[in-house]
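Here are some friendly notes to read alongside the structure. Keep the 3D view open and take the points one at a time.

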Amino acid sequence: MSNTFAGLGLFPELVRAVTEKGYTAPTPVQAQAIPVILAGRDVLAGAQTGTGKTAGFTLPMLQRLSRHSHHGGRHAVRALVLTPTRELAAQVEESVRTYGKHSTLRSTLIYGGVGINPQIEALRRGVDVLVATPGRLLDHVEQRTVSLGHVEILVLDEADRMLDMGFIHAIRKILALLPKARQNLLFSATFSDEIRAMAGSLLRDPAMVQVARRNAESELVVQRVHPVDQSRKRALLGHLVSTGNWSQVLVFTRTKHGANRLAKQLVCDGIEAGAIHGNKSQSARTRALAGFKAGALRVLVATDIAARGLDIQQLPHVVNFDLPHVPEDYVHRIGRTGRAGSSGEAISLVAHEDRPLLAGIERLLKRRIEQHIVAGFEPGVAPLATQTQEEVARVPRQGQQRRRGGPASGGAQSEQRTGKRQGAAPGKRPPGGGRRGNGAARRAGDTGRAGAS
Ligand code: AMP
């Protein structure tokens, strides 16, 4: 395996483009994937965002397309990249432009939530590489504004997430429109039975590319759990942001509603915050992301789907305000920090009722995550009066835990390392009061899954 881009067999104009982008050496997924894709093989790659996978498929794809000229009709697409979300589609297409800037290949971006006419215009002008989310692409198919009969290369990016989001039928419909003879590249962070089944039917004798999962290799990411009552998570988050003087923190909530509410509350607390999720218009999402990247927003609150594929480099802090229901999502989330060689910190705020989710994550990681109780935020002391009757009824264990905690004995400890399960921590009433948590958001039953068209 070569440790230079030229050594992997890439044409000089592509090497020039990556050099101008500032890359000095291929990442592991690039070193493995580029030669086999250049050789024309199908690929099954286990790699997630942050590994450099986009260049891993884009560079050899561009090279293969540039070896011969357009032979389809004016509308014909030669390479099709399907992604689960608009944000990821936009980032992949930007990469295609960046890496292809010294070539004559044309690319276009297609996703929902924005007007279709400019996309129709762009398709009419002709396109070599089409990056699309599945729903909007099918709209174009129905309107006959796109022709997929000349596709030579198909990329399914973040295939696991596309299946999670229910795109399997859309993908099947799209596959049926493609020529039989083509090269297929399937990228997925995780390998469920569904993904394996899809790979089995789609790929011919695929080359396997597997890079270490970030959780397996990420000494760069410090992971920590702060046990805290659900109702005090927001106060603790504000405390961490202020006392740590954090300038850029990505916060995950489970629901869109929860993301909105938390962002609003943080703003009320004097912390510049914005939310990004699938219910927001594309321009609102783009604005929030740009503000965050530029440093105008200290906190960006996101759902898993919306955060997927966000390319924010050297993100120092990721906070799980809610733990994800799917343990693999934890791995995706912490993959947002410590990217491209920089170190990062992934903090999880864990209430008593989140414990089963934490256990699932630790099983996946095959290790315990270090726990610190932050002084003043000891769990088990949130005043019941701040919860609605409904919330109290919904989380009876919280009450039990409080009783088990017994009389106040510890007071406000300094930041305490427990390294194991927290008991019901005693202590005085902490600063910030005990306000309502995000129980209402959970009741809203909003799954946060609407990142794509
Ligand atoms: P990706 O996993 O494709 O989302 O890429 C993650 C980040 O790594 C992006 O910001 C890329 O610009 C960056 N990147 C990709 N390849 C390299 C490389 N060979 N050297 C340094 N950075 C890279």
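1. Seven strands form an open sheet in the order 3-4-2-5-6-1-7, and their pairing is parallel. Strand 3 and strand 7 (207-210) are the edge strands, each pairing on one side only. From one strand to the next, the twist averages 15 degrees. Two terms to know: strands (E, at least two residues) and helices (H or I, at least four) are DSSP runs numbered from the N terminus, and two strands pair if DSSP finds at least two bridges between them. In general, strands of a sheet pair through backbone hydrogen bonds, either parallel or antiparallel.

2. A word on what you are looking at. This is a predicted model, in which local features need pLDDT of at least 70 and side-chain atom pairs count only at pLDDT 80 or more, while totals for chains, interfaces and linings use all residues. Residues are numbered from 1 along each chain as its sequence is written.

3. Now look at one pair inside that sheet. Strand 2 and strand 4 are joined in the parallel sense over four bridges. Val81 has Val131 in strand 4 as its bridge partner.

4. Strand 12 (residues 317-320) and strand 13 (residues 344-350) run parallel and are joined by four bridges; His317 has Glu345 in strand 13 as its bridge partner.

5. Which residues of helix 4 are buried? Among them are Arg86, Leu88, Val92 and Tyr99. A residue is buried if 20 or more other C-beta atoms lie within 10 Å of its own, exposed if 12 or fewer, and partly exposed in between, with C-beta atoms placed from the backbone. Because 11 of its 14 residues are buried, helix 4 is largely enclosed by the rest of the structure. Its buried residues pack against several elements, including helix 1 (12-21), helix 3 (53-66) and helix 13 (282-294).

6. Helix 2 (residues 28-38) lies across strand 1 (43-46), strand 6 (183-188) and strand 7, at about 175 degrees to strand 1. Angles run from 0 to 180 degrees between N-to-C directions, and axes are lines fitted to C-alpha atoms, for helices over the stretch in contact. The axes of helix 2 and helix 3 come within 8 Å and cross at roughly 25 degrees, so these two helices are roughly parallel to each other (the word covers angles under 35 degrees). Residues that meet here include Ala33 and Ile37 in helix 2, with Phe57 and Leu59 among those in helix 3.

7. For contrast, find Asn117 in helix 5 (residues 117-125). Is Asn117 buried or exposed? Asn117 is exposed, because it has 9 other C-beta atoms within 10 Å.

8. Finally, zoom out. The protein has 19 helices and 15 strands, and buried residues make up 50% of its 453 residues. Of the contacts with a separation of 6 or more, 78% are between residues 24 or more positions apart; a contact means that two C-beta atoms, placed from the backbone, lie within 7 Å.

Definitions and conventions:
Parallel < 35°, antiparallel > 145°, perpendicular 65-115°, else oblique.
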